[in-house]
Amino acid sequence: MRAFFVRPFGIKEGIDFDQVEVVLIRPALQRLRTQYGLAIDGGTTGEFIRQGNIREDMFRLLVTADLVLADISIYNPNAFYELGIRHGLRHQHTFLIREKSTAAKYPFDLQTDRYFTYD
């Protein structure tokens, strides 16, 4: 299975999103592998280092990924844009996560969705 992570990069508004991936997301995927035999590999667009338009890679991954994890802990237009593409083209197997103490305002269309929260 292929996963794609929609998230900010680096430290934003006191949250180290790179560490969230390392400490939370990747271990959770590894646990799915060890406990349930699900081999889920993936990452962000940050893994692409070749020339060309990164949007092409991003669109392809948003459509073809078996699982999309979107961290919308902060108001990040890029994350909302990518999440909108995923919802428009393939709504299934899209999970929203957010840091539970953030007081960020979310777009109206996302206010009724369920989230996994983390510290």
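Analyst: Quick ground rule: a helix is a DSSP run of H or I with at least four residues, a strand is a run of E with at least two, and both are numbered from the N terminus. This is a predicted model, in which local features need pLDDT of at least 70, side-chain atom pairs count only at pLDDT 80 or more, and totals for chains, interfaces and linings use all residues. Residues are numbered from 1 along each chain as its sequence is written, and side-chain values use heavy atoms, with hydrogens and water left out.

User: What percentage of the residues of the protein count as buried?
Analyst: Buried means under 20% relative accessible area, exposed means over 50%, and partly exposed is in between, using a 1.4 Å probe and protein chains only. Out of 119 residues, the share that counts as buried is 39%.

User: How are α2 and α3 oriented to each other?
Analyst: Two packed helices are described by the angle between their axes and the distance between the axes. The axes, lines fitted to C-alpha atoms over the stretch in contact, with angles from 0 to 180 degrees between N-to-C directions, come within 9 Å and cross at roughly 45° for α2 (residues 54-64) and α3 (residues 77-89). Under 35 degrees would be roughly parallel, over 145 roughly antiparallel and 65 to 115 roughly perpendicular, with the rest oblique. That is why α2 counts, relative to α3, as oblique.

User: Is the crossing of α2 and α3 left-handed or right-handed?
Analyst: The near helix turned anticlockwise from the far one by less than a right angle gives a left-handed crossing, and clockwise gives a right-handed one. Where α2 passes α3, the crossing is right-handed.

User: How many residues of the contact of α2 with α3 are charged?
Analyst: From α2 come M58, F59, L62 and V63, and from α3 come Y81, E82, I85, R86 and L89. Ala, Val, Leu, Ile, Met, Phe, Trp, Tyr, Cys and Pro count as nonpolar, Asp, Glu, Lys and Arg as charged, and the others, Gly among them, as polar. The contact divides into 7 nonpolar, no polar and, for the charged ones, 2.

User: Is E13 buried or exposed?
Analyst: E13 sits in the loop between β2 (11-12) and β3 (15-16). Most residues other than glycine have a negative phi, yet E13 has a positive phi of about 50°. At 66% relative accessibility, E13 is exposed.

User: What is the phi of H93?
Analyst: H93 is in the loop between α3 and β6 (94-99). With a relative accessible area of 47%, H93 is partly exposed. Although H93 is not a glycine, its phi is positive, about 60°.

User: How far apart are the C-alpha atoms of I40 and M1?
Analyst: I40 is in the loop between α1 (17-36) and β4 and is buried, at 8% relative accessible area. I40 touches M1, A3, L29, L32, R33 and L67, not counting residues up to four places away in sequence. I40 and M1 are 39 residues apart along the chain, but their C-alpha atoms are separated by 4.7 Å.

Notes: Contact means heavy atoms within 4.5 Å.
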